Amino acid sequence: MTEPLLYLSTRGRSPAVGISGAIAAGLAPDGGLYVPEALPRLSPDAFDPHGTLADTAATLLAPFFVGDPLAQALPAICREALDFDTPLRPLPHRDAHMLELFHGPTAAFKDVGARFLAACLRRLPRKDERPLTILVATSGDTGAAVGAAFHHQPNVRVVILYPDGLVSPRQAHQLGCFGDNVLALRVQGRFDDCQRMVKAALNDAELQAERPLSSANSISLGRLLPQMSYYAHASLAWWNEHHTPLNFIIPTGNLGNALAALWVREIGLPVGEVCLACNANATLPEFFSGADYRPRDAIATLANAMDVGAPSNFERLRWTFPHAHELRAQTQAMSVDDATIRRTLTRHAREYDDVFCPHTATAMHLLDRLRDAGNTAPWAVVSTAHPAKFESVVEPLADRAVPVPPALAAMLQRSASAEPMAADDEALKRWLREPAYA
C-alpha cells in the first residue's frame, strides 16, 4: 500500500481524514466513529518471528499510518507505549492459556491504548495554543490508564468521568490520585451516562470552539488500533510454534477490546474463533443469539468495568460486518451472572490455585463450558486486569490475600479526590466552561 489510508465516519456524514486527524478529533463531526475506508491485509510472513510486542505493533499498524505525518515516528511510538509484556501463560488446567494484559503501570489492559494515544498526541502539531482537554468516560480501568499516560503532559488536561459508587474502591482511588492536569468527576449515574455526556460535549461545536476537546475512550482510533497488537503478537507466536490459529475468549463491555481481535482476524492474521464473555448486561449476547440490537441502561455487576448497556463500538462492529448473519456465524457471546462469577473465582482458587479478576472470571467460565462440552481447540482466556484491583471481591472468594503490584501500590499511597457531577449533559458543559476550570 502506497496511497495514504483515509478514515471515514461510521455515519457517513463527515469528510474523510488521515489517521492523525482521526486521532486528534476522537469522534467524527457527525457523531460517528472513525474507521479505515478499508482494512489492510497482512500475512504472518510480514512479521519478525523473534520480534517484541512493540516490533509486532509497528509492523501491524504501518499500513494504517502510511502517508501520514506520524508514520515515520510509529516505531518509536510503539516502543514508548508498549514497554511491558503481555505474556501468554499456560493455565494449570484445561490445556489452555491466559493472555495477561495487566502488566502496565495501572494494572489493566487499557494501558496499551492509553499510552499509545498519548505518544501520538505528543507528536501531533496543534495550531491552537490553548490547552487540549481529553474527556474520558470510564467504568473502572480506562480513566486510570489515561490519567497515567497523560499525567504532567504539557498543555493537556484530562477530565475523567466515572459512575460514583459503581467502581471498585481501588479503582476509584486510582482515578482521583493524579491531580495536577488530571481531574476526576464522580457522576451520579451509570457508565452509560458518563459515555453519553462525553459524546455530547465532543459533539457541541460551540463548546469545542471555546475549549478544544478530544477523547481517550475506545471511540478513539488511537486507543483501538494498538489493542490489536497483543492479539497479533500472541496469535503469531502460537502460529509459528503450532501452525494452527489461536482462539480467544475476551471479556467485553464497550466492545473495543473484542473488536480489536476481530480486526486482527479480518486483516489476515491467524486468530481463530472469538468468543465474547459479558456480564449480566445482555445487550451483546442477545444480539449474537439472533435478536435485534437493543441498547438499554446498564446494570451494576461484580465485573463493573463491563457494565455497559449501549456499547459504543457496536457502530464499528456493524461497519466491519454489515451482514449480521456472517458475524453471528463466526462469533458468539454469552452473559455470566454474578453468582457464576463468584463460583468460578472460588472454584479456580481452590482447585487450581489460580486467582484472577471478576472480568477474567466471565471468560474463564466460558472456557469451562467449552471444555465440558468436549471442545479441545486451543483457547486463550484474555485477562484484562490484575485481581488486586478488586480485592474486596476476589480475596473473600479466593480465601487469600492478593499481592499488590508495585505500581498500583504506589498509586494507592497517594491522596485522592473527585468532584461530584450530575448525570446531565449540560451540567458537564457548564463545568467545562467555568473560569475556574479554564
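This report covers the cores, helices, pockets, cavities and selected residues of a predicted model.

## Basis

Because the model is predicted, local features need pLDDT of at least 70 and side-chain atom pairs count only at pLDDT 80 or more, while totals for chains, interfaces and linings use all residues. Residues are numbered from 1 along each chain as its sequence is written, and side-chain values use heavy atoms, with hydrogens and water left out.

## Nonpolar cores

The largest nonpolar core has 94 residues. A nonpolar core is a set of buried Ala, Val, Leu, Ile, Met, Phe, Trp, Tyr and Cys residues joined through side-chain atoms within 4.5 Å. Buried means under 20% relative accessible area, exposed over 50%, and partly exposed in between (1.4 Å probe, protein chains only). Phe65, Phe150, Tyr231 and Phe248 have the most contacts inside this core. Helix 9 (residues 221-242) gives the most to it, with 10 residues. Helices (H or I, at least four residues) and strands (E, at least two) are DSSP runs, numbered from the N terminus.

Phe65 touches Ile19, Ile23, Leu70, Ala71, Leu74, Phe116 and Leu225, leaving aside residues up to four places away in sequence. Contact here means heavy atoms within 4.5 Å. Another core, of 24 residues, lies apart from the largest one. Its members include Ala96, Cys275, Met306 and Phe356.

Helix 3 (residues 74-81) has Leu74, Ile77, Cys78 and Ala81 buried. Seen down the helix axis, these buried residues fall within an arc of 100°, so they line one face of helix 3. The arc is that of the directions from the helix axis to the C-beta atoms. Helix 2 (53-65) and helix 4 are among the elements that cover the buried residues.

In helix 6 (residues 169-176), the buried residues are Arg170, Gln171, Gln174, Leu175 and Gly176. Their cover includes helix 5 (142-150), strand 6 (156-163) and strand 7 (182-188). It also includes helix 16 (391-398) and helix 17 (406-412).

## Pockets

The largest pocket has a volume of about 590 Å³. On a 1 Å grid over the protein atoms alone, a pocket is an open set of points with protein on both sides within 12 Å along at least five of seven lines; a cavity is a set of points where a 1.4 Å probe fits but cannot get out; lining residues have an atom within 4 Å of a point. Grid points are joined across faces, edges and corners, and a volume is the space filled by probe spheres set on the points. The largest pocket is lined by 25 residues, with Ala24, Ala25, Arg126, Leu132 and Leu213 nearest its centre. Helix 1 (19-25), helix 4 (110-123) and helix 8 (205-210) each supply at least two lining residues. The lining divides into 16 nonpolar, 4 polar and 5 charged residues. Ala, Val, Leu, Ile, Met, Phe, Trp, Tyr, Cys and Pro count as nonpolar, Asp, Glu, Lys and Arg as charged, and the others, Gly among them, as polar.

The second largest pocket has a volume of about 260 Å³. Its lining has 15 residues, and Asp192, Gln195, Arg196, Lys199 and Ala310 are the closest to its centre. Helix 7 (191-202) and helix 12 (314-320) each supply at least two residues. Helix 7 gives the most, with 5 residues. By class, this lining has 4 nonpolar, 2 polar and 9 charged residues.

## Cavities

A search of the whole structure finds 4 cavities of 30 Å³ or more. The largest cavity has a volume of about 260 Å³. Its lining has 25 residues, of which Phe109, Lys110, Gly253, Asn254 and Ala305 lie nearest the centre. The lining has 9 nonpolar, 13 polar and 3 charged residues.

The second largest cavity has a volume of about 70 Å³. Its lining residues include Ser139, Pro163, Arg190 and Asp307. They divide into 6 nonpolar, 2 polar and 2 charged.

## Selected residues

Glu266 is in helix 10. At 27% relative accessibility, Glu266 is partly exposed. It touches Leu39, Arg41, Thr320 and Phe321, not counting residues up to four places away in sequence.

Most residues other than glycine have a negative phi. Asp180 has a positive phi of about 55°. Asp180 sits in the loop between helix 6 and strand 7 and is exposed, at 57% relative accessible area. Asp399 has a positive phi of about 60°. Asp399 lies in the loop between helix 16 and helix 17 and is exposed, at 67% relative accessibility.
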